[in-house]
Amino acid sequence: MIALALPAQDSGEFTPPGINEMHLPAILPWGAAEGFSKQMLLVLLSVAIIATFFVLAARKRQLVPGKLQFAGEAAYGFVRNGIAKDIIGGRDFIKYVPLLFSLFFFILVNNIYGAIPLIQLPTFSHVGGAYVLAGLVYFTWIAIGVKKNGLRYFKLATVPSGVPWFILPIVIPIEIISNFLVRPVTHSLRLFATMLAGHLIVMIAGSGIEFLVMQENILLKGTSVLVLAGAIAMYMLEALIMVLQAYVFTLLTAIYIEGALHADSH
């Protein structure tokens with residue numbers, strides 16, 4: 001961040017990287033507009049990584065698990081008990097464990113890409129992927145609510161119980177906007193924005209270090225050490241956020257499902 005405040009020096013002005021540098025050109029282009037991008041490749045690779053790990057972890061199914069089986073069971077148990085059971089509860093949670101499990105590890109692996117040297121690209125720093133996942137969750141919890149309560153679900157979701165009738169004209173539009181418009185947007189943008197911002201900050205710090213090292217002024221070269229220390233701290237913070245965002249997205253999904261299942265009791 002020090003580099004951003006520097007005036008033009010011996011090697012010229014500092015030009016920070018932009019969003020275009022984060023989203024690379026297509027690897028295998030077809031047609032005039034789109035192609036097979038690095039993000040698409042990493043998404044497919046994440047599916048292969050997740051499937052391979054859990055297939056290998058569950059292959060032997062020993063009573064006394066080995067290290068790989070133990071890791072797989074612990075990962076599954078975290079989502080099953082720590083998210084699905086704790087939030088949805090009762091007998092209802094078990095049928096939604098596969099969805100929550102898939103969401104958590106799919107988002108986690110695609111986020112962690114941003115912390116891996118050479119790959120260094122969290123796929124959800126592109127808003128399209130976040131929109132798709134949030135859209136999938138959006139239609140899922142609405143379908144669950146309609147299946148459980150019929151069309152009455154929309155009344156349950158927008159008309160809070162116990163509210164005086166004369167306040168309803170104000171409350172109902174707010175509930176409609178909050179539940180059916182704002183909720184899916186914030187669900188997607190929370191994931192996208194944090195991945196984009198964190199990765200962009202690390203890229204700016206890296207470019208700043210390169211800029212400072214290339215200066216002839218020895219003092220400016222020395223400040224690159226400060227920028228490096230800040231970059232390492234931001235890198236560790238970004239890695240933590242990558243894990244937290246996978247958890248938060250899955251946790252909110254469980255909350256939305258629970259709300260759809262028990263709309264009549266809220």
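## Briefing on helices, core and surface

At 31% relative accessibility, Tyr235 counts as partly exposed, a class lying between buried (under 20% relative accessible area) and exposed (over 50%), with a 1.4 Å probe and protein chains only. Please keep in mind that this is a predicted model, where local features need pLDDT of at least 70, side-chain atom pairs count only at pLDDT 80 or more, and totals for chains, interfaces and linings use all residues. Residues are numbered from 1 along each chain as its sequence is written, and side-chain values use heavy atoms, without hydrogens and water.

**Around Tyr235**
- Tyr235 sits in helix H8; helices are DSSP runs (H or I, at least four residues) numbered from the N terminus.
- Between Tyr235 and Ala205 there are 9.9 Å in space, C-alpha to C-alpha, and 30 residues in sequence.

**Helix H7**
- The 46 residues of H7 should span 68 Å at 1.5 Å a residue, and the 63 Å between its end C-alpha atoms agrees; the expected span is 1.5 Å times one less than the number of residues.
- Ile170 belongs to H7, residues 168-213, and is exposed, with a relative accessible area of 56%.

**Nonpolar core**
- The largest nonpolar core has 48 residues, and Ile88, Phe105, Phe124 and Trp141 have the most contacts inside it; such a core is a set of buried Ala, Val, Leu, Ile, Met, Phe, Trp, Tyr and Cys residues joined through side-chain atoms within 4.5 Å.
- H4 gives the largest share of this core, ten residues.

Note on methods: Helices (H or I, at least four residues) and strands (E, at least two) are DSSP runs, numbered from the N terminus.
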